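Let's take a walk through this structure together.

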Amino acid sequence: MPDVRVDMRWTGTGLEFEGGPTGGVRVRLDGNSQSAISPVQAMLLSLVGCTAADVVDILTKMRVPLEGLEVVAEGDRRAEPPRRYTRIRLEYRVRVPEDARDKVARAVALSHEKYCSVLHTLRPDVVIETDIQLVR
């Protein structure tokens with residue numbers, strides 16, 4: 001039995017699909033990015049969701065008072081097929097006390113180095129760049 005199982009079904013319209021875990025929450029994807037996010041956008045969204053969850057969990061364990069977190073991802077893709085990501089930039093906008101910067105940096109590093117399964121699933125030659133911003 002696999003650890004994770006999802007299915008995706010074509011809606012019958014254009015490049016629109018609906019999917020998710022069997023019997024669970026369904027999401028829509030659109031290969032043309034018109035009625036929903038595209039699969040490649042969903043991949044970036046999965047990456048930021050994974051690392052954001054890690055950072056919140058780690059900062060909570062470090063007892064850092066977290067007031068807010070936003071992670072923005074930007075990806076560069078090849079011009080020719082396969083149009084895979086060649087570079088991804090992650091910007092962490094974090095609301096914490098000023099003296100928590102080192103702990104935030106450590107939480108992000110732990111997510112990238114050890115915990116974020118989505119990041120570790122990406123091809124090893126994808127360059128991951130990180131920027132951390134404390135937001136006031």
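Leucine 69 touches Ala52, Val55, Val56, Tyr92, Arg93 and Val94, leaving out residues up to four places away in sequence; touching, or contact, means heavy atoms within 4.5 Å. You'll find leucine 69 in strand S4, residues 68–77. Strands here are DSSP runs of E with at least two residues, helices are runs of H or I with at least four, and both are numbered from the N terminus. Leucine 69 also sits 6.3 Å from arginine 95, C-alpha to C-alpha, although the two are 26 residues apart in sequence.

Is leucine 69 buried, exposed or partly exposed? It counts as partly exposed because its relative accessibility is 28%; buried means under 20% relative accessible area, exposed over 50%, and partly exposed in between, using a 1.4 Å probe and protein chains only.

Before going further, a word on what you're looking at: this is a predicted model, where local features need pLDDT of at least 70 and side-chain atom pairs count only at pLDDT 80 or more, while totals for chains, interfaces and linings use all residues. Residues are numbered from 1 along each chain as its sequence is written, and side-chain values use heavy atoms, with hydrogens and water left out.

Now step back to the whole protein. It has three helices and six strands, and along the sequence they follow the pattern β-β-β-α-β-β-α-α-β. The C-alpha atoms fill a box of roughly 55 × 35 × 30 Å along the principal axes. Buried residues make up 30% of the 136 residues.

Next comes helix H1, residues 39–61. Its end C-alpha atoms are 33 Å apart, which agrees with the 33 Å that its 23 residues should span at 1.5 Å a residue; the expected span is 1.5 Å times one less than the number of residues. Among the buried residues of H1 are Leu47, Ala52 and Val55, and the cover over the buried residues of this helix includes S3, S4, S5, H2 and H3. Just after H1, arginine 63 takes a positive phi of about 60°.

What about the inside? In soluble globular proteins, nonpolar side chains tend to be buried together. Here the largest nonpolar core has 26 residues, of which Leu47, Ile88, Tyr92 and Val96 touch the most other members. Such a core is a set of buried Ala, Val, Leu, Ile, Met, Phe, Trp, Tyr and Cys residues joined through side-chain atoms within 4.5 Å. H1, strand S5 (85–95) and helix H2 (101–115) each supply at least two residues of this core, and H1 gives the largest share, eight residues. Leaving aside neighbours within four places in sequence, leucine 47 is in contact with Ile88, Leu90, Cys116, Val118, Leu119 and Leu122.

H2 has 15 residues and reaches 20 Å from its first C-alpha to its last, close to the expected 21 Å. Its buried residues include Val104, Ala107 and Val108, and the buried residues of H2 pack against H1, S5, helix H3 (117–121) and strand S6 (127–134).
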